[in-house]
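This note is meant for a colleague who is meeting the structure for the first time. The points below may be read with the sequence and the model side by side.

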Amino acid sequence: MRLSVALLLSNLLNLKSMTQFSLAHAKSLDVQDPLQKYRAQFSIPKQKNGEEHIYLCGNSLGLMPYRAQEYVNQEMEDWGKYGVEGHFHARHPWMPYHEFLTDKMARVVGALPHEVVVMNSLTANLHLMMVSFYRPTAERFKILIDYSPFPSDRYAVESQAKFHGYDPKGAIIELQPSGDKETVDHDDILAMIDKHGDEIALIMIGGVNYYTGQLYPLADITKAGHSKGCFVGFDLAHAAGNIDLQLHDTGSDFAVWCTYKYLNSSPGSLSGCFVHERHAEDENMPRFSGWWGHDKSTRFLMGDDFKPMRGAEGWQLSNPPILPMAAMRASLEIFEEASMPEIRKKSLKMGDYLLSLLDNIDTDKISIITPREHTRRGCQLSIQVKDADKRLFDKITAAGVIADWREPDVIRIAGAPLYNSYEDCWNFVEFLRLELF
Ligand SMILES: *Cc1c(COP(=O)(O)O)cnc(C)c1O
């Protein structure tokens with residue numbers, strides 16, 4: 001009797017583990033998913049055979065919302081119809097166009113509206129922010145950066161140090177990975193700030209590392225940096241639209257991010273920029289200025305004296321390109337409807353699901369280098385491939401997966417909650433499993 005109960009139990013457990021890894025289970029998760037309806041609002045790229053790709057590359061370029069095409073077309077029509085008068089008479093007048101984006105973008109990153117502006121591109125904004133917030137002195141001239149940062153960030157900080165007359169070798173301090181991992185432990189970051197803080201002028205870290213997918217403790221870094229008298233800024237290229245950021249409360253001095261990754265606002269589209277409210281009224285801060293940053297009530301008097309707009313808008317340079325902002329307007333509407341907390345919730349659930357499927361592959365040929373804790377990751381998982389064997393990546397690509405390979409040995413995948421399904425995750429892992437055996 002006892003035996004048969006045990007048998008029954010083990011059969012049930014087996015059944016459970018079988019169903020948990022089945023395609024049917026993936027489909028049932030999709031049916032329960034409150035964000036499922038958004039997938040149909042995006043154009044999913046198709047393969048030559050007409051089937052949809054498994055697109056897991058929203059961390060690199062977000063997909064096109066159909067609404068973006070419509071909004072861009074509207075601006076093209078209004079340009080045709082009104083010419084220069086479109087600045088006032090377009091359905092969405094071009095003169096104040098960036099203001100149509102501000103409130104929604106501020107909600108995406110958890111900031112006050114006057115702390116946020118959409119302008120320029122990411123690396124350009126990073127430089128503008130460093131003009132204001134990297135002010136080295138003889139005793140305090142260093143910049144603390146992420147371990148293995150995105151190359152553009154490294155080039156930007158190194159060139160700023162050189163611009164001020166410092167050798168980057170002495171001026172740039174890089175976080176170091178903890179133990180034999182690829183990622184940096186929380187305590188090691190804080191210890192680094194504690195040790196070098198008195199010499200650090202600026203802490204400039206990526207919110208989510210582009211390579212490992214590690215999410216950094218932004219509030220703790222800010223607090224530690226400020227207690228040592230450093231300015232603190234973040235590059236949120238991989239965090240905006242991914243993590244439910246609370247930039248105002250986090251309290252960093254500035255942040256910058258691109259909008260073509262998780263924010264789906266078209267290739268090379270404009271960047272977001274955050275300047276904390278405590279700097280909003282400071283007109284004497286060093287900055288590189290342009291006419292669009294001038295007080296808008298007197299901008300067109302074309303006067304000689306620059307009077308900055310209050311808050312982040314005061315850093316604008318040029319009248320901005322309307323077409324990419326039209327695409328962004330469409331995308332931000334979707335973020336507003338879906339809401340960042342819901343997006344984050346699905347992202348974590350989908351991440352847990354992907355991890356459970358990947359863990360279920362019995363192999364030592366791959367390992368996940370992204371931290372597993374919810375507080376330390378976003379949508380992205382970085383899969384390290386043993387012996388840097390890129391053939392695995394090439395094979396899943398041939399099978400219809402769009403992911404990306406980052407030298408030397410990582411496949412990055414990201415389930416984007418607005419358009420990826422649990423079925424996408426299941427299909428991806430199934431392709432991977434088939435190629436591994
Ligand atoms: C994507 C990315 C960039 C790209 O910079 P652009 O100026 O938009 O070309 C820079 N830094 C980080 C951390 C990124 O992830």
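How many Å separate a polar side-chain atom of Tyr-260 from an oxygen atom of the ligand? The separation is 2.5 Å. The points that follow begin with this site, and it should be kept in mind that the model is predicted.

1. Around the ligand stand Leu-122, Thr-123, Phe-150, Asp-153, Asp-235, Ala-237, His-238, Tyr-260 and Lys-261.

2. A residue with positive phi. The loop between β4 (116-119) and α6 (122-133) contains Asn-120. The phi of Asn-120 is near 50°, which is positive although the residue is not glycine. For most residues other than glycine, phi is negative.

3. A cis peptide bond. Between β14 (404-406) and β15 (410-414) runs a loop that holds Pro-408. The bond leading from Glu-407 into Pro-408 is cis, and its omega is near 5°. Most peptide bonds are trans.

4. Helices α3 and α12. Helix α3 (residues 66-82) and helix α12 (residues 322-338) cross at roughly 145°, and their axes come within 8 Å. The crossing is right-handed. On the α3 side, the contact is formed by Arg-67, Ala-68, Tyr-71, Val-72, Gln-74, Glu-75 and Met-76. The α12 side contributes Ile-322, Leu-323, Ala-326, Ala-327, Arg-329, Ala-330, Glu-333, Ile-334 and Glu-337. By class, the residues of this contact are ten nonpolar, one polar and five charged.

5. Helices α13 and α15. An angle of about 25° relates helix α13 (residues 340-359) to helix α15 (residues 422-436), and their axes lie 10 Å apart. The two helices are therefore roughly parallel, since angles under 35 degrees are counted in that class. Their crossing is right-handed. From α13, the contact takes in Lys-346, Lys-349, Met-350, Tyr-353, Leu-354, Leu-357 and Leu-358. They meet Tyr-422, Cys-425, Trp-426, Phe-428, Val-429 and Leu-432 of α15. Eleven of the contact residues are nonpolar and two are charged, with no polar residue present.

6. Helices α14 and α15. Helix α15 also packs with helix α14 (residues 391-398), at an angle of about 130° and with the axes 10 Å apart. That angle makes α14 oblique to α15. This crossing, too, is right-handed. Leu-392, Lys-395 and Ile-396 of α14 are in contact with Phe-428, Phe-431, Leu-432, Glu-435 and Leu-436 of α15. The contact comprises six nonpolar and two charged residues, and no polar ones.

Methods
Residues numbered from 1 in each chain as written. Predicted model: local features only at pLDDT ≥ 70, side-chain atom pairs only at ≥ 80, totals over all residues. Heavy atoms only, no water. Axes fitted to C-alpha atoms, helices over the stretch in contact; angles between N-to-C directions. Helix = DSSP H or I, 4+ residues; strand = E, 2+ residues; numbered from the N terminus. Parallel < 35°, antiparallel > 145°, perpendicular 65-115°, else oblique. Left-handed = near helix turned anticlockwise from the far one by under 90°. Contact = heavy atoms within 4.5 Å. Nonpolar A, V, L, I, M, F, W, Y, C, P; charged D, E, K, R; others polar. Near = heavy atom within 4 Å. Polar contact = N/O pair within 3.5 Å; in protein donor to acceptor, adjacent residues only side chain to side chain.
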